[in-house]
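This report describes the fold of a single protein chain and then considers several of its residues in turn. The sequence and structure are shown first.

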Amino acid sequence: MRHTRALLLAAPLVAGLLSPLTLTAPASAAPAAHGDDFDGDGYRDYAAPSYDSLGGGVRVTFGTATGPGTRTQYIDQSSSGVPGADEADDMFGEVRAAADLDGDGYGDLVVAARGEDVSGREDQGAVTVLWGGAKGLEGGTTIPGKAPKQSYGYMGDDLATGDFDGDGKQDLALVNAGKTYVYRGPLTRSGTTGSVTTLDKTGFDSSHLIAGKVDRDAKTDLVIVGAAFSGTRETADAWFVKGGKTLTPGPSLQVNSGTEGGGDGVIADFDKDGYGDIAVGTPGWSAYKGRVTLWYGSSSGPSTSARITQSTSDVAGTPEPDDSFGASVSAGDVDGDGYQDLAVGVYGEAIGDVEYAGGVHLLRGGSSGVTGKKSQWFARNTAGVPGAVEGDDSFGATVRLRDTDRDGHADLWVHGMYGGLRLPGATSGLTTTGIAEVGSDLVEGLLQ
């Protein structure tokens, strides 16, 4: 879960990459309801990383009224109209985000190739928009880099989309060489964008991005998680940036006493007060025991905070080194009570003497926010859960909550090395009744 001062007019493409296709969207098109509905049929699609190509690729499974369908599409840098070439270690597709960036009614997929070498600069990185259409994704355009051209910049270390300036057009935020850049929309197939804002401050290196609405206005806010340095003190901080015509840097909150801050993050209203709350997973906390920080929203932005670990009251388990509690988090209303709930993956959990068996917690939202009350724990040895407890299964490495069957309850999708699972949501919470085995790639394809 992942997570930014010049005006761009007809910006050039990154050197060494192919020119994009130039296509024109219908002038009358309305923006897509879902940023990951790439074929415009009203159903959200699944865009998973794939390693079938030398430098990586993306496998799209198109959604239906009842979840993933059977129609798929595979795209890599050798696909027609996609900039670049399929080269070893490009890491094309490992980091992805989606939005209707050109406002034509089809969701578009933003794909990073963090390991892309450009004009001899090793791992400078590149970011490409793959454009949606009636047949799915077709063609691509390179996002012009605004950081200094350098090796090991890893452009696209993280990506996030949203209407950050509130003008009704989708924008793109990306991490490049430790800074965050926000490209104002619309982004076009000819390579132009609106102005680009750099978000940076002394002693801070961006690594992860979390986008969502915290303070109840119409603009998307941004939380940047990264390493903070002050003298000899090093921490991992979450930095709030308020959306608006001018992006306004706000407060920071320490999420780890060391710089290991690399977990998933999400913004959702866990206490149903109308303000978005920030959940940041920090699996590296305390010898990788892991924890999740909750930073609750208000009219002025994030305010009070709380921490959840496996020692929190009513949360199953015990904090142990290498559990990596919080490496993946996701939000959704499982029981239909109007409060958003939080799924937390613990992929390093040992079960008995089986290491890295893994598991997942469901933590309920309520008037007090996220607590351990009525929480649920699922692992391969839970009654009704298919599969055997096996070492290195890392069950819970990716968790996603989404109402894929449209019954009003978010379902839990869990990635495991030996297969993924979908646990249905119900009024009582998650249930193993109707549990389904699914490909782990489908779980990876559910974007936050």
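Predicted model: local features only at pLDDT ≥ 70, side-chain atom pairs only at ≥ 80, totals over all residues.

How many bridges join strand β2 to β3, and do these strands run parallel or antiparallel? Strand β2, which spans residues 57-64, is joined to β3 by 7 bridges, and the two strands run antiparallel.

**The three-stranded sheet**

Strands β2 and β3 belong to an open sheet of 3 strands, arranged in the order β1-β2-β3 with antiparallel pairing. The edges of this sheet are formed by β1 (46-50) and β3 (67-76), each of which pairs on one side only. On average, neighbouring strands of the sheet are turned by 25° against each other, direction ignored. As a general principle, the strands of a sheet pair through backbone hydrogen bonds, in either a parallel or an antiparallel manner.

**The chain as a whole**

The protein chain contains 2 helices and 29 strands. For 448 residues, a compact globule would have a radius of gyration near 22 Å, and the value for this chain, 21 Å, agrees with that expectation. Its C-alpha atoms fill a box of roughly 55 × 55 × 40 Å along the principal axes. Of the 448 residues, 57% count as buried. The accessible surface comes to about 16,900 Å², and carbon and sulfur atoms account for 49% of that area.

In soluble globular proteins, nonpolar side chains tend to be buried together. The largest nonpolar core in this chain has 19 residues, and those with the most contacts inside it are V127, I143, L159, L174 and Y183. Two or more residues of this core come from each of the elements β4 (92-99), β5 (108-113), β6 (126-133), β9 (171-176) and β10 (179-183). Another core, of 17 residues, lies apart from it and includes A268, V292, L294 and V344.

| Residue | Relative accessibility | Class |
|---|---|---|
| Y46 | 3% | buried |
| S394 | 13% | buried |
| G336 | 43% | partly exposed |

Y46 lies in strand β1. It counts as buried because its relative accessibility of 3% falls under the 20% limit for that class. Beyond its neighbours up to four places away in sequence, Y46 touches R59, V60, T61, G63, G67, P68, T404, W413, L442, G445 and L446. Y46 and L101 are 55 residues apart along the chain, and their C-alpha atoms are separated by 18 Å.

S394 is found in the loop between β23 (376-378) and β24 (399-402). Although it is placed in a loop, S394 is buried, with a relative accessible area of 13%. Residues up to four places away in sequence aside, S394 touches Y347, Y356, A357, H415, G416 and M417.

G336 occupies the loop between β20 (329-332) and β21 (341-346). With 43% relative accessibility, G336 counts as partly exposed. Leaving aside neighbours within four places in sequence, G336 is in contact with G408 and H409. G336 and G408 are 72 residues apart in sequence, while their C-alpha atoms are 6.3 Å apart in space.

Notes: Residues numbered from 1 in each chain as written. Heavy atoms only, no water. Pairing = 2+ DSSP bridges. Helix = DSSP H or I, 4+ residues; strand = E, 2+ residues; numbered from the N terminus. Axes fitted to C-alpha atoms, helices over the stretch in contact; angles between N-to-C directions. Buried < 20%, exposed > 50% of the residue type's maximum accessible area, 1.4 Å probe, protein only. Contact = heavy atoms within 4.5 Å. Rg over C-alpha atoms; globule rule 2.2 N^0.38 Å. Areas by Shrake-Rupley, 256 points an atom, 1.4 Å probe, with all protein chains shown as cover. Core = buried A, V, L, I, M, F, W, Y, C linked by side-chain atoms within 4.5 Å.
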